[in-house]
Amino acid sequence: MSLQRMLRSLEEAGLIHPITQSRGAVFEFHHELIHTTTYASLLKADRRSLHLAVGETIEKLLTDQSEDQAALIAKHFDEAGDDERALKYYLKAGNVASRQYANAEAILLYHRALEIARKILNNYKLLQEIYLSLGRELELGGRYGEALDTYAQMQVDARNKGDQDFEFSALMAHAKIYATPNPEQNADLAQQLLEQALTYTRKTENRAEEARVLWNLLVLNVYGNGDYTQAIQFGEKALVLAREYNLEELSAFILNDLTYAYFGSDQTLLAQKTQREAAILWRHLNNLPMLVDSLSISVPITYLLGDYKRAIRESEEALELSQKAGNQWGQAGSLAFIGLAYHELGLIDQGIATYQKAFELGKITKHRGAFIGSRSLYAWLLADLGEVNMALKIADQAYQDALANQTLYLSGWVLMIKIHLHLRNNDLPKAQAALHSLRQIDQPTGLRWFTPIFTPLGEAEIFLKTHDYPATIRTSDKFLKYLEQTGIRTFTPDALAIKSQAQIEMGYLEDAWQTLLRARRIAEELGSQRSLWPILSRLAKLSEASGDQHTAQHLRGRTREVLQYVLDHIGSVDLRNSFTNRPEVREHLQA
């Protein structure tokens, strides 16, 4: 029976009625109960015939729009028992959902496609692609355990079919999850799998796949507490091979992860260059989740190089893209560091809001940088506002969480902050103890990030507190040289300010004046309200001591302007009070 005759019979029986009168008429049931009852009363063979007829009709009528209706067409062919056409349209619909970042929908579509494919396919390459597509969507959705289960089934199928390339692909899919930061990360297991994979690619002389293995070894050494020097060696070899074989997407992945390796090994300018190359490729490939990752790692790099407004723009773009995709991991990463830029600019409320949101998302997604790192940076901000005791409590909890996660670089990260908090609290013994702990776990070849910055700053401050002024100047000068070599500008005013204090104590007042003038110039160029107002305050005191009351008065006025700007961006009454109660702040505001 044709579809038209079936529709006519139903209409004559009073079960349906047309709701359009055009050539492509649309019908609806008089009541949903009629729909349900009628469908249930059909014989299985009749149901299949109806679904087949509907599927073929939609396919014919919507030839140019079949992608948009792929999920509907797939469902009809599936119910009709036409596995080949159902598979075709489930895959088409899954690909559409993936491109639109409809992650949950893509998973359902690929999952059904896989069920059908495992029954009917002898095309192992297509079966492999379906497994990897489903696994990728599960990973993007943060469902890493389910992704591992999918790859385990993939490996079983590959072995049953005796296809070594298929099995190699399953091995690599496992290794990628074990090598990267997620709840299923297992560096030892990743190392074992990647060594097997590297042996296989060299035995089969498959240079393109060797590039993929080398990339994964780069990833493992970046994210698995490995050796950054070795990570860079693996990454640079992988990049040469990927470019030789025109593997554009793989080149983008390698550049993305080399960014982390360069950044973590103090090659900040090279990290920035590599990140921008990766971002260009991600935009070209329209891979928005990876663009989010690329923009997120750019935020701390751009912050350290002193372009705070660009860092904010990058964070905002990454956040918007990850929100559209429902990617909470991406949201956590996009917010983890941006509070630093707001802190520098004196935009305190926005800094606090981003830190709190980053922590909340980090807890949900188990993004350790957001869960632990952003809290320690939030503690630093609170200490600047005069809430040192609250800051220490937050930092202590973050440190315990870092230890529980067995993440050395995050433990070191929190210890760096704690050194400065203890010094702000005038607790020299605890600051020295924190510095000692940091030195014990610091790995020059591993993930360090902010360690080369906060550690010498802490050392210089401790020398200053213990009245070892020559050591303060030596440490500051060494640190300033490091900042110049790496292109990092953000902490140059801090280092110069510490150095000037030692110069003042040693009676080198003219040297201290010149040092502070340089610090002021850089702080103003950067727009760093955080570092500017203490520098202006010290310049005012030096002018006053030299008898230049006119300059001192002008500098005090500038200090008040900056402090008032910061106060205008603190909404919390309690935090405003704690900030204004800092003696060095109160001194200027009252004057």
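Visitor: Which residues does Phe579 touch, not counting those up to four places away in sequence?
Guide: Phe579 touches Asp384, Leu385, Trp533, Leu563, Val566, Leu567, Ile570 and Val585, where contact means heavy atoms within 4.5 Å. Mind that this is a predicted model: local features need pLDDT of at least 70, side-chain atom pairs count only at pLDDT 80 or more, and totals for chains, interfaces and linings use all residues. Residues are numbered from 1 along each chain as its sequence is written, and side-chain values use heavy atoms, with hydrogens and water left out.

Visitor: And how many residues has the largest nonpolar core?
Guide: That core has 183 residues, and Phe579 is among those with the most contacts inside it, as are Leu218 and Phe450. A nonpolar core here is a set of buried Ala, Val, Leu, Ile, Met, Phe, Trp, Tyr and Cys residues joined through side-chain atoms within 4.5 Å. Buried means under 20% relative accessible area (1.4 Å probe, protein chains only).

Visitor: What percentage of the chain counts as buried?
Guide: Of its 591 residues, 52% do.

Visitor: Switching topic: at what angle do H14 and H15 pack?
Guide: Helix H14 (residues 268-285) and helix H15 (residues 288-305) pack at about 155°, with their axes 9 Å apart. So H14 is roughly antiparallel to H15 (the term covers angles over 145 degrees). Residues in the contact include Trp282 of H14 and Ile301 of H15.

Visitor: How many helices and strands has the chain?
Guide: The chain has 31 helices and 2 strands, taken as DSSP runs (helices H or I, at least four residues; strands E, at least two).

Terms used: Buried means under 20% relative accessible area, exposed over 50%, partly exposed in between (1.4 Å probe, protein chains only). Axes are lines fitted to C-alpha atoms, for helices over the stretch in contact, and angles run from 0 to 180 degrees between N-to-C directions. Angles under 35 degrees count as roughly parallel, over 145 as roughly antiparallel, 65 to 115 as roughly perpendicular and the rest as oblique.
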